[in-house]
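Here is a short tour to take with the sequence and the model open beside you. Take a moment to turn the model around before reading on.

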Amino acid sequence: MNVKQKMRNLLIWLQGLFRKTPRNPEVKVALSMMAMTHEQELSCDEVHALIDQFAEMHLRGENPANFFPLVQRHLEMCPECREEFEALLAALDVILVSM
Ligand SMILES: [Zn+2]
């Protein structure tokens, strides 16, 4: 395995961990650092894996582009993912309002 594959596996592992412990800030920081050191552009699948965190941060008034610059860049370029993101934001908004 080359370094890129190892990094990718680590990122996937962290994403799995993050899903199980969404309130663990250390995992969040580790994941965002990984996302930043990941120099390649993200695929749609990778964006889908991060998009719920991205949307939640956005709704909390944080700036998710600071943590996930590659997701932000992908959303700017990919109309399909942007549509998904906007649909997710709308859905989360409904959930938050009804709570
Ligand atoms: Zn995409």
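## Before we start

This is a predicted model, in which local features need pLDDT of at least 70 and side-chain atom pairs count only at pLDDT 80 or more, while totals for chains, interfaces and linings use all residues. Residues are numbered from 1 along each chain as its sequence is written.

## The chain as a whole

The protein chain has six helices and zero strands. Helices (H or I, at least four residues) and strands (E, at least two) are DSSP runs, numbered from the N terminus. Read from that end, the order of elements is α-α-α-α-α-α.

Of the 99 residues, 19% count as buried. Here a residue is buried if 20 or more other C-beta atoms lie within 10 Å of its own, exposed if 12 or fewer, and partly exposed in between, with C-beta atoms placed from the backbone. Two residues are in contact if their C-beta atoms, placed from the backbone, lie within 7 Å. Among contacts between residues at least 6 apart in sequence, 57% join residues at least 24 apart.

## Helix H6

Helix H6 covers residues 79-98. At 1.5 Å a residue its 20 residues should span 28 Å, and the end C-alpha atoms are 29 Å apart, which agrees. The expected span is 1.5 Å times one less than the number of residues. H6 is hardly covered, as the count of buried residues among its 20 is one.

From Asp-93 to Leu-59 is 34 residues in sequence, yet their C-alpha atoms are 7.7 Å apart in space.

## How H3 meets H6

Two packed helices are described by the angle between their axes and the distance between the axes. H3 and H6 pack at an angle of about 35°, with their axes 9 Å apart. Axes are lines fitted to C-alpha atoms, for helices over the stretch in contact, and angles run from 0 to 180 degrees between N-to-C directions.

The residues of H3 that meet H6 include Val-47, Ile-51 and Ala-55, and those on the H6 side include Phe-85, Leu-88 and Leu-92. The residues of this contact divide into 11 nonpolar, one polar and five charged. Ala, Val, Leu, Ile, Met, Phe, Trp, Tyr, Cys and Pro count as nonpolar, Asp, Glu, Lys and Arg as charged, and the others, Gly among them, as polar.

## Helix H5 and Leu-75

Which residues of H5 are buried? In this helix (residues 69-77) they are Val-71, His-74 and Leu-75. Seen down the axis of H5, these buried residues fall within an arc of 100°, so they line one face of the helix. The arc is that of the directions from the helix axis to the C-beta atoms. On the other side of H5, Glu-76 and Met-77 are exposed. The cover over the buried residues includes helix H3 (44-59) and H6.

Leu-75 is buried, with 22 other C-beta atoms within 10 Å. Not counting residues up to four places away in sequence, Leu-75 touches Cys-81, Arg-82 and Phe-85. Leu-75 and Phe-85 are 10 residues apart in sequence and 8.0 Å apart in space, C-alpha to C-alpha.
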